[in-house]
Amino acid sequence: MKIFPAIDLRDGKAVRLVEGDYDRMTVYGDDPVSIAGGFREAGADCLHLVDLDGARDGRLINFEMIKQIVSSTDMFVEVGGGIRNEERIRQYLDLGVGRAILGTAAVKDFDFTARMADKYGSRIAVGVDARGGRVAVNGWKEVTDTDSFDFCVKLRDAGVSTVIYTDISRDGNLSGTNIEAYERLTEIKGLDIVASGGISYKEEIIKLKELVSGAILGKALYSGALDLAGCIELSRT
C-alpha cells in the first residue's frame with residue numbers, strides 16, 4: 001500500500017479543514033515546498049495535493065505553488081481540486097504531475113470523465129467524496145442524491161482505474177476512518193481504492209493495507225498523531 005501525505009493549498013499556504021468546512025481551517029505553514037521536502041526526507045515517495053480554491057470555485061490560484069512543489073521533488077504527485085476540463089488536466093500533466101483527480105466534473109459531466117479515462121488511462125483518478133453515503137461536489141458544499149458506492153461501480157465500468165474515496169464526516173476530526181466503507185469497496189473488482197479521511201491510528205494502517213492500494217494522511221501527520229516514517233514502514237511490512 002502506498003502512503004500519500006497530503007498538502008491542501010489555500011492562497012498558497014498549507015492548511016487543513018475539518019469536514020471540508022472552509023470556516024474551520026488551520027494554517028500549518030506558508031512554505032508548502034518545504035513541507036513536501038520534509039515528507040520526502042521521511043521516506044515518502046508519493047504526495048497528494050489539493051487546490052482548495054480550485055475545488056470551491058474553479059480558480060487557479062495555487063498553480064504556481066503546485067508547479068514549485070512538483071519541480072522540487074521526485075515523488076509521484078497526484079493533484080485534485082477544480083479540475084473540470086481537459087485544459088486543466090493537460091496543464092497539470094505537463095508539469096510532471098503523475099495523476100490528475102477529477103471530482104465535481106465526474107458527477108456533473110460523466111461523459112467527459114469517461115473520455116478522459118479512456119484518453120489518459122491511469123493518469124486520471126476520480127475523487128468520490130461522500131457524506132452519509134451520498135456523493136458531495138463543489139468543494140463538498142453540495143450533497144447530491146447519488147449513492148457513493150453505486151457511483152464507484154459506474155466509474156469502474158466506464159474505465160476509471162483509481163478512486164480516492166473520502167468519508168467527509170471523518171475528515172480532519174482525528175476520530176478514525178470509515179473502515180467499513182473500504183471493506184465494502186473491495187467488492188468492486190478491478191478498481192483501485194485509495195483511502196482518505198480521518199486516518200488517525202497505526203492499527204488503521206495495518207488494516208487498510210489489506211483492503212486498499214493507497215492511504216492519504218493529512219491532519220494526523222500535522223498534529224503529530226501519526227509519524228510518517230512509521231506509517232510508511234507499517235504499510236510495507
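Visitor: How do I read the way helix α4 and helix α6 pack, and at what angle do their axes cross?

Guide: Two packed helices are described by the angle between their axes and the distance between the axes. In this predicted model, helix α4 covers residues 86–95 and helix α6 covers residues 110–120. Their axes come within 11 Å and cross at roughly 30°, and the crossing is right-handed.

Visitor: Which residues in α4 and α6 meet?

Guide: From α4 you will find Glu 86, Ile 89, Arg 90 and Leu 93, and they meet Phe 112, Met 116, Lys 119 and Tyr 120 in α6.

Visitor: Let me pick Met 116 in helix α6. Is Met 116 buried or exposed?

Guide: A residue counts as buried when its relative accessible area is under 20%. Met 116 has a value of 4%, so it is buried. Leaving out residues up to four places away in sequence, Met 116 touches Glu 86, Ile 89, Leu 102, Gly 121 and Ile 124.

Visitor: Which residues touch the most other members of the largest nonpolar core?

Guide: In soluble globular proteins, nonpolar side chains tend to be buried together. Here the largest nonpolar core has 66 residues, and those touching the most other members are Ile 7, Phe 39, Leu 47, Ile 89, Val 128, Val 163 and Tyr 165. Another core, of 8 residues, lies apart from it, with Phe 4, Ala 6, Ala 125 and Ile 216 among them.

Visitor: What is Val 163 in contact with, beyond its neighbours within four places in sequence?

Guide: Val 163 is in contact with Val 126, Val 128, Cys 152, Leu 155, Leu 191, Asp 192, Ile 193 and Val 194.

Visitor: Now the strands. How many bridges join β1 to β2?

Guide: Strand β1, residues 2–10, is joined to β2 by 3 bridges, and the two run antiparallel. Arg 10 stands opposite Lys 13 in β2. The two strands form a hairpin with 2 residues between them, and in the turn Asp 11 has a positive phi of about 50°.

Visitor: And how does β2 pair with β3?

Guide: That pair is antiparallel as well, with 5 bridges joining β2 to β3, residues 21–29. Look for Ala 14, whose bridge partner in β3 is Gly 29. This hairpin has 2 residues between the strands, and Glu 19 takes a positive phi near 55°.

Visitor: Why is β2 described as largely enclosed by the rest of the structure?

Guide: Because 5 of the 6 residues of β2, residues 13–18, are buried.

Terms used. Residues numbered from 1 in each chain as written. Predicted model: local features only at pLDDT ≥ 70, side-chain atom pairs only at ≥ 80, totals over all residues. Heavy atoms only, no water. Core = buried A, V, L, I, M, F, W, Y, C linked by side-chain atoms within 4.5 Å. Buried < 20%, exposed > 50% of the residue type's maximum accessible area, 1.4 Å probe, protein only. Contact = heavy atoms within 4.5 Å. Helix = DSSP H or I, 4+ residues; strand = E, 2+ residues; numbered from the N terminus. Pairing = 2+ DSSP bridges. Axes fitted to C-alpha atoms, helices over the stretch in contact; angles between N-to-C directions. Left-handed = near helix turned anticlockwise from the far one by under 90°.
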